[in-house]
Amino acid sequence: MASKVHVQDNSVVERRLRPIYEWLDSGNNKKALQECDKVLKKTPNLLCAKALKALSILRMGREAECVSILDSLIEDSPGDDATLQAMTLCYRELQQQEQICTLYENAIKLDPANEEFHTQLFMSYVRIGDFKLQQQSALNLYKLKPKNPYYCWAVMSVVQQATRGSGEFDSTKRGVLLSLAERMIDKLIAESKLDAEQEVQLYLMILELQDKLEEALQVLNGPLGDKLVCSSVNLYKLPYLTKLRKWSDVNLICKGILIESMDRWDIWKEYIASVFELMKADVVDEERREENHANGECELEYVDDTPEKAHEFICRLVENGDDNGYLLRGPYLARFELCSNLIRQGIDSGDLLGDVMELFIEYFRKFGHRSCCVSDLRIYLALLDGERRIELANRLIKDVGISSTSVPQTEQQMQRHLCSLQLSRLCSNHRNLSSDHLAALVTAFSLHYQHGYQTYGLNLLYTDQGPSDPYAILAAHILYDLSESTQSSKPIITALVLLENLLMKSPCSFNAKLLSLRLFHTIGAGIGAHQVYETLDLKHLQMDSLGYSHCARLPTTGLLTLTATLLDSTLKFFSSNYKDSSDHLTFCYKYGSFIKLNDFMDFREKLNNSFHYTMVAVDRIILNIVQCTSIDSLYNANILPKDNNIEWEKLRDNHDLSVYISWDPERIESTPEDAREIKDLFIQNVHFLKLRTHILWALSASVNIIKSHDSARNSCVDTLRGVQKDWADIYHKISTTKSVPIKQNLVTSPLPSRLHSHLDCRYFEILGQLFNLFVNISVEDTANCGAIVTDVQSNFKRLTGVVVDLVGQQRRSGDCYWKRRSVLETVVNAVEIISLSATICLLCNDLAKPPQNKRSKKKMDASTKCVLNDLASVIKNELNTIDSCLENWTLPDEFDLSDRLALLNLSANGQNSVIENIVNSHTTAVKELRTLLKAKLKMLSG
């Protein structure tokens, strides 16, 4: 009878809670909260309803109330799965993963035999990365339920202790832990319990980590190798054989794979590398070589240890492909790889392969109609010198058969024409051309684009790329070259009009969008850039790899509201990443994908150490401080980033530059990420981040001084002095380095670092002195305060003088869009410095005020009051100067490009749209900056 009542109670509870879950799932947290209150009125002690109420409140943004409910729930020691799951969700969204561990530790004390609780406890340790507790938890689970997966969880936890825990920097401990993991697996093998593929993969991983490669090969050759069904055993063997330098075996395995799958490019590279290693080692007896060929032995019975044999093997596969009626690129590209290796070894490739240029011509004739042809041939253009490259480019264009007065007759011919033009640019054919010649190319490419669209691009799906789109993108690249050579913004605006026309016909052309984003930022048009950025619809990892190109530049455009929204959405991705990536780890354990665990952990660390993440967090806090309308809101603000302990050496640049399509000759030798100037740019950006971070640290220390009691004030002052000293040292080191802005000759290059404008705008000279004033007031040493204010005034005069001059030059310039970006960045920096100076001035005023209570009638020291009044007057004067300068800074509504657009057969409507976008960006930025200055003036006057 009791059991029936219990079942009935459970069904009633489930029925009452179901609406709450439904509202939460639909995202209506307010309704979910109302349902929770209804249930709790009927059953006040229902812990699951309380947990769901906490979750509803949390998702409404009321964190403090949620934490209070969770604390009371922990005291009740919940033991039912539904309550624990709801509380787990709360702690995960609060990013308090450690509390989940405590939750399930307590639950296990209530129900020690509950397998689900033990499993959840293990997963909670995985989320916080406590490998030692993972091991203990997994072994306890295995004792409770002796299942292989649980045992392997314990083994993998030991491996992680060796590779990422206590053994990461201690080779002795690492060896002991890996040896323990190996013995644990050996125990399973001895008991004949090792029967799953994932378990064999784990065993191989442990052997590989100990460099026991021979033993790993024995495993693969034995009965355990038969359990590897998802991939060929030979593919497992290949990396081990390569590390052991068993080149004969590598060669034979590669040949076997290539005969079955001749397009495996990774295997082709291994095969050709093994040929040259065998040639150097000379391990095969000469007589045996001749005998093999004379007897006509099977291909897989002898190794190819000379380039001649390799070439023969490649030709045989080419012939087989031709005979079977299909054309694969692998064997043809293998010839280039063979040629490259021969040249690297100092061997003449002409005797074996003939003229290298003929290889390019043959490949182009067979695959020139495919879009991959250019990327395939790009890296091998290094085999030709400068003159030969130009000769190749001319031959390819001639081979297509399209003159300046003809158009492609088929879609394949159009693709071959595009390929030849792109290779021509890669071969430097567009370098050193006159402006007239470049303009003629732009006209020709624009007309080819329109012909291709009208002939082959109609009736495509919304998501399809237009077949002739590369013509327009190539034209935009050349227009950028033209703008650099003529120092004019007209070609850039023409390129934007052309790209806008392309995007109306091919809305999903990401190449056109990325290029438009870059060009809008080149002329400082933030609204246009943001509209393009939103159409990219970046998801997940792209927020890090591509988001930098927009997030780094929008703060310099003066669009404060738009910037705040962008930074908030970007930070939301990074804050949710840790939660999502921990799920990946738990899934790896759940499904036994141990070999993927390290990849996911590396991925999580890559995002956590992202330079972009840290920069966005710091920019958002500084923007929040700059936009503060009262000093009280500053005291309540969170001045420091959540993760304030920045590991500078671990910061990574995850910006993906290879996604920007480019046919510049600089891309032949290496990827853009490997270029020296890109690495220098990252160093400059890190220096900029350090300077910005010290502003925050100094502000935080200043606020702590005001909030501190008399007994702790000296300690807080010492903290501020320490920050100032570090800031001064870093500033001196950076300013004496004389870093050079990245060249802007390539449209795919990032824009210069914000460091250069930061140094030019005298941030440290002004703000550093103001913090010195704050320290002097805090220790009641006002002797030098007047001199500090005078110095600040002098630096302010220089800054505002530069701003007024730059804006004046821009207004008088015949091309008001050229160099607008750099001028606007200087203006935004000046406004930011004035805003921060106003904030520090008000902090000084609050610090100098005597404590406000009934007994105290003490007034502010007269000399301090005089100094602060002088400082406020200085800031107000400079603020008014900047405001007057901005009031008169306007852009013309008209910009005549009609002749140029007529040549390209483009409508003037596109021009009007682009110009309107730029003017709108400027007007909005000036309005927001002036509104901010007025708010600061009001704060200082209040």
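Colleague: Hi! At what angle do the axes of helix H14 and helix H15 cross, and how close do they come?

Modeller: Hi! Keep in mind that this is a predicted model. In it, the axes of H14 (residues 247–260) and H15 (residues 265–281) cross at roughly 145° and come within 9 Å.

Colleague: Is the crossing of H14 and H15 left-handed or right-handed?

Modeller: Left-handed, as H14 passes H15.

Colleague: Which residues make that contact?

Modeller: From H14, the contributors are Trp247, Ser248, Val250, Asn251, Cys254, Lys255, Ile257 and Leu258. H15 brings Ile267, Trp268, Glu270, Tyr271, Ser274, Val275, Glu277 and Leu278. By kind, the residues of this contact of H14 with H15 split into 10 nonpolar, 3 polar and 3 charged.

Colleague: What about glycine 256, where is that?

Modeller: Glycine 256 sits in helix H14. Its relative accessibility is 21%, so glycine 256 counts as partly exposed; the cut-off for buried is under 20%.

Colleague: And how far is glycine 256 from asparagine 234?

Modeller: In sequence they are 22 residues apart, and in space their C-alpha atoms are 9.2 Å apart.

Colleague: New topic: helix H12. Which of its residues are buried?

Modeller: In H12, which covers residues 213–221, the buried ones are Leu213, Ala216, Leu217, Val219 and Leu220. Looking down the helix axis, the buried residues of H12 fall within an arc of 155°, so they line one face of the helix.

Colleague: Why would residues three or four places apart point the same way?

Modeller: An α-helix has 3.6 residues a turn, so residues with that spacing point the same way.

Colleague: Okay, and what is on the other side of H12?

Modeller: There you find Gln218 and Asn221, which are exposed.

Colleague: What covers the buried residues of H12?

Modeller: The cover includes helix H11 (197–209) and helix H13 (233–243).

Colleague: Let's jump to asparagine 114. Where is it?

Modeller: Asparagine 114 is in the loop between helix H6 (97–110) and helix H7 (115–128). Its relative accessibility is 19%, so asparagine 114 counts as buried.

Colleague: What does the side chain of asparagine 114 make a polar contact with?

Modeller: One partner is the side chain of aspartate 111, at 3.2 Å. A polar atom of the asparagine 114 side chain also lies 3.0 Å from the backbone nitrogen of glutamate 116.

Colleague: Last one, the whole chain: how many helices and strands?

Modeller: The chain has 44 helices and 0 strands. Of its 942 residues, 53% are buried, and the C-alpha atoms fill a box of roughly 110 × 90 × 55 Å along the principal axes.

How values were computed:
Residues numbered from 1 in each chain as written. Predicted model: local features only at pLDDT ≥ 70, side-chain atom pairs only at ≥ 80, totals over all residues. Heavy atoms only, no water. Buried < 20%, exposed > 50% of the residue type's maximum accessible area, 1.4 Å probe, protein only. Helix = DSSP H or I, 4+ residues; strand = E, 2+ residues; numbered from the N terminus. Arc of directions from axis to C-beta. Contact = heavy atoms within 4.5 Å. Axes fitted to C-alpha atoms, helices over the stretch in contact; angles between N-to-C directions. Left-handed = near helix turned anticlockwise from the far one by under 90°. Nonpolar A, V, L, I, M, F, W, Y, C, P; charged D, E, K, R; others polar. Polar contact = N/O pair within 3.5 Å; in protein donor to acceptor, adjacent residues only side chain to side chain.
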